[in-house]
Amino acid sequence: MPEQDPLERIRNFQEVPYGYTEELAMKEAFRCLQCKDPKCVEGCPVNIDIPWFVRLISEGKFIEAAWKIKETNLLPSVCGRVCRQEDQCEKRCIRAKKGQAVAIGALERFAADYEREKGDLAVPEIPAWTGRKVAVVGSGPAGLTVAGDLVKKGHRVTIFEALHVPGGVLMYGIPEFRLPKRIVAAEIAYLKRMGVDFELNAVIGKLFTIDDLFGEGYEAVFVGTGAGLPIFMGIPGENLIGVYSSNEYLTRVNLMRAYQFPECDTPVLRGRKVVVVGGGNTALDASRTARRLCHVDVTVVYRRSREEMPARKEEIQHAEEEGVKFLFLTSPTRYIGDRDGRLMKAELVKMELSEPDDSGRRRPIPVAGSAFQIDADVVIIAVGNLINPLVPRTSPDIEVSSCGNIVVEPTTEKTSKKGVFAGGDIVRGGATVILAMGDGRRAANNIHEYLKNRNW
Amino acid sequence: MFEIVEKVLLSHTVSLFRIKAPGIASKRQAGQFIMLRLNEFGERIPLTIVDSDTEEGTITVISQEVGKTTGMLGALEKGAGILDVVGPLGKPAHIEKFGTAVCIGGGIGVAPVYPISSALKEAGNKVISIVGARTKELLILEEKMKKISDDFFVTTDDGSYGHHGFVTQILKRLIEEETKIDIVFAIGPISMMRAVCDLTRQYALPTIVSLNPIMVDGTGMCGACRVTVAGENMFACVDGPEFNGHDVDFEELIRRNRGYYNEEKLAMEELTYHEGPRCYER
């Protein structure tokens, strides 16, 4: 897919890949072999009928293709961009065995963008109201999916969102250059047209508890409040000025638009030497954001080697093209500040890989005597998140695991509290958009069943 | 939009706002706060809920003009709207019958100490209040505090009103006079809270402080408000804002609150450059 030139794109926040033209999309769609037993569908967590929508694109029926995807995936323009297709549908593509897989993700994005830009977003027919109300807590990918599915079944759905805009991690976390905010806004506008209500600035656990929601006449509640609690490493100097969690850094820039400071009021420290700690997509999002903000030296420090990086290959490549440096097998041990408590240096230590740990990846251990220091005035810690504790803390009758995640019955997404379902990162810990949407779909089906027969 | 139904100028830089927010008004407890955002371009800032009226559905907040956002807020009048108000956030103050509670408020800190003092009084405590300000003009909520206090002291740094000196001097005198004190609540400038804690530590007097670090979301998501308490990393927005004052690393908090000094200056220059009104139009 054609992309913005790296030298150009580090000067803006616009999306990196331009997306297919109609001709390119049809050409790519023709490569699909239309397998009788399509493995790609099995590889998709929500089982989109991939051969069907790809065939529609090859026939030039772009809007029909978008509708086909939307039968199973509510947010194709989002998933087409941020899904790990290379580990899912495209990995199973028969074409991948001898060369390049069909670019399923890019085609999904094309169909959804085409439909949106042609202004032909047909709202499905909504059945008469069943008389039931459902509350959805959190407006990230899981919550949006639940809401979309349940309004289509005739239920009234209200989404409660703690922040001042809906979209959750799609808005505050994933940067503009990977997922333009107008696309998320369009998806949300579409849900509104379908009849979903949004209550912003509503922190469940504070403004209302789950029991308050039942008291207000909601008959089922879905909790999709995500993994929003940043993990710090507990090493000296983490509270120096200039040390950020990736959540804070990305929230300041994406949600609060610090890149437009001082026209927008929220600042972010720009820095001259930026160090990002971590190896996931969030670490890369943060590093590429920093590159764009201040065009300075940005180094990603990761404790394992390149092969173990959980980030998408495509994003690693994008980051490298944009001039982000990498220090593999390296981990911070402490941060050093000046008299005013401002960060000046990071002390790092070399790591080596030993036996595989529980996750199957080889465990990194520090190499004795290998410590060294580098200059740094901004450090962004992107080593993962724990789940947001606000709902579990105020609803003690919802069972949680030892690390605080909400426990659900895997096939139904039912929690230990009657009428309460949960899914996405609040259940899984830090996972992916598409898995959250899969949970949302399952939860919606089971909420629908529950509202019908009241079995728990 | 959240409508400002009343505005009272408490001093030339401090204003009281009653804001229509029925949901928050019915739920809030002493010690909790809101985050507000004035307009689409605005930042999110925390403000303690001073009072609420459930019948009218309003909350009361008090803000001192110290930067761009508080400056713009201070320029809003009755009838104006605030784009976003979210709350009630933070843990409520731990209120019980302690016996005698000394409630200390310094400067704008009288605003957050008032609801706590009032709740303590209601819970059957004897409340001794010490409110301080730099000068008489900056003293706020004097009458309200007086009304809920069994004993009431005022101090000003410049001697323009009440005791000439600091709140800690009154507290020290009370302790030396062997006044029975079971707990101290101190809210105000960090240096004041630190001075109170340094004093009460010597007498092992339990002391609760309410912290005001920089926040972004206010719901535990970003960690901007982390403070070191008893050697542990705490988020003031969800673990606080109240902490055991003897355990708080005040030096670190002072440093962290200065973290955006240059940016704050720049934002203020920007505001002055546009001569105020143009900014509010945005």
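Is Glu314(A) buried, partly exposed or exposed? I started my notebook with that one, keeping in mind that this is a predicted model. At 32% relative accessibility, Glu314(A) comes out as partly exposed. I then looked for its partner and found a salt bridge with Arg312(A), the closest N and O atoms being 3.5 Å apart. Arg312(A) counts as buried, at 2% relative accessibility.

**Another pair**

Next I checked Arg334(A), whose side chain meets that of Glu347(A) in a salt bridge (3.1 Å, N to O). Arg334(A) sits in strand E10 (residues 330–337) and Glu347(A) in strand E11 (residues 343–356), so the pair ties together parts of chain A that are 13 residues apart in sequence. Here I noted Arg334(A) as partly exposed at 34%, whereas Glu347(A) is buried at 16%.

**Salt bridges overall**

I searched the whole structure and got 61 salt bridges over all chains. Some residues are linked in a network, among them Glu3(A), Arg9(A), Asp285(A) and Glu322(A).

**The nonpolar cores**

Then I turned to the largest nonpolar core and its 71 residues. Ile50(A), Phe53(A) and Leu107(A) are among the members that touch the most others. Helix H18 (residues 433–453) of chain A gives the largest share, nine residues. Where does this core lie? Both domain 1 (6–118) and domain 2 (133–228 + 387–453) of chain A contribute residues, so the core lies between them.

I looked up Ile50(A) too: leaving out residues up to four places away in sequence, Ile50(A) touches Cys40(A), Val41(A), Cys44(A), Cys89(A) and Ile104(A). My last entry is a second, separate core of 57 residues, including Val203(A) and Met35(B).

Methods. Residues are numbered from 1 along each chain as its sequence is written. Chains are lettered from A and ligands numbered from 1 in the order in which they are written. This is a predicted model: local features need pLDDT of at least 70, side-chain atom pairs count only at pLDDT 80 or more; totals for chains, interfaces and linings use all residues. Side-chain values use heavy atoms; hydrogens and water are left out. A nonpolar core is a set of buried Ala, Val, Leu, Ile, Met, Phe, Trp, Tyr and Cys residues joined through side-chain atoms within 4.5 Å. Buried means under 20% relative accessible area, exposed over 50%, partly exposed in between (1.4 Å probe, protein chains only). Helices (H or I, at least four residues) and strands (E, at least two) are DSSP runs, numbered from the N terminus. Domain bounds come from an automatic or database domain assignment. Contact means heavy atoms within 4.5 Å. A salt bridge is a side-chain nitrogen of Lys or Arg within 4 Å of a carboxyl oxygen of Asp or Glu.
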